Amino acid sequence: MIMKVKSHKNRQMVLSKQITTKEPVKGVLMSYTLTDLRIPLSYEVSLTPITNYGTGNTVTRTIQYSEHQVCGFEDIRICGFTQDRSDVFDWTRQNHLTQNPKRSVNTGPDTDRSGTKEGFYMYIETSRPRQAGDRARLLSPLYNVTAARGPTGTNRTPYCVSFYYNMNGKHIGTLNVLMRVKSIAIVDSAVWTLSGHQGPEWRKADAELYPSGPFQVVFEGIRGNGFEGDIAIDDVSVTKGKCKQKDSVDKTAVLSGTHQSLHLLPVIVQLLGTICVTFLLR
Ligand SMILES: [Ca+2]
Ligand SMILES: [Ca+2]
């Protein structure tokens with residue numbers, strides 16, 4: 001695979017490199033980290049597959065710097081999320097490969113939101129010993145916001161929490177998203193809620209928050225009336241500003257090569273001037 005990275009502004013080549021993949025496995029996520037990219041410039045990344053039959057078509061896309069990160073729970077550190085200790089049980093990190101083979105197939109997602117066997121998600125396991133009404137809360141890192149004045153909150157800065165949920169099963173309880181503001185006391189306020197079976201697909205949700213000070217986003221899963229009630233979440237982001245109608249990062253670029261196609265995933269992680277591009281062979 002040949003990777004070329006150009007500055008989007010002046011089309012200057014930043015990097016041109018041949019990446020050798022050991023034994024590319026269908027459906028396995030590959031990643032390559034680009035360093036020394038500058039914030040807040042955007043870059044054009046091209047990938048050209050080289051197969052035994054020659055060079056395939058090049059796929060190009062522009063990577064734009066974004067302040068927010070999407071947490072796909074791929075790393076064991078789960079982007080700084082933590083388990084609440086004051087609830088009844090915990091969220092579980094899992095992917096297709098670590099699913100219990102004896103699990104009920106009538107609940108939970110088959111894979112994470114990216115559709116790969118390796119991709120992780122967080123979910124609540126509602127089998128025994130769980131009982132109806134048991135709660136598990138997952139806490140986001142603390143977002144440091146300067147406290148806004150005014151009792152009405154009109155001067156407050158909006159934040160948008162975006163995430164994907166999977167609520168599949170006849171005993172699905174409730175998924176709540178709460179905003180936890182820590183001042184003198186801890187105050188939780190509801191920002192989003194959904195109950196009951198929503199089908200086997202991952203669905204996207206956006207909710208706006210108007211925090212009065214430093215806040216955490218809390219995902220609260222409540223067990224329903226039976227064990228076919230696993231609720232899962234994936235690809236969570238918290239962004240300053242109102243929620244946008246359409247999220248451009250959801251677009252995928254598909255290339256049809258001669259014998260294989262490249263499917264660029266929208267996962268672009270921005271960390272300290274490093275851009276990690278992940279891609280997947282289909
Ligand atoms: Ca994931
Ligand atoms: Ca817990």
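Helices (H or I, at least four residues) and strands (E, at least two) are DSSP runs, numbered from the N terminus. This is a predicted model: local features need pLDDT of at least 70, side-chain atom pairs count only at pLDDT 80 or more, and totals for chains, interfaces and linings use all residues. Residues are numbered from 1 along each chain as its sequence is written, with chains lettered from A and ligands numbered from 1 in the order in which they are written.

Start with the whole protein chain. It holds 20 strands and zero helices. Of its 282 residues, 29% count as buried (20 or more other C-beta atoms within 10 Å of a residue's own, C-beta atoms being placed from the backbone).

Next, select residues 2-7, strand β1. Strands pair if DSSP finds at least two bridges between them. Methionine 3 has leucine 47 of β4 as its bridge partner.

Isoleucine 2 has its bridge partner in β2 at glutamine 18. Five residues lie between the strands of this hairpin, and arginine 11 takes a positive phi near 60°.

Move on to the open sheet of five strands. Its order is β9-β10-β17-β12-β15, with antiparallel pairing. Color the edges: β9 (92-94) and β15 (203-209) each pair on one side only.

Select residues 121-124 (β10) and 231-240 (β17): three bridges pair them in the antiparallel sense. Click isoleucine 124; its bridge partner in β17 is isoleucine 231.

Conventions. Buried ≥ 20, exposed ≤ 12 C-beta atoms within 10 Å, placed from the backbone.
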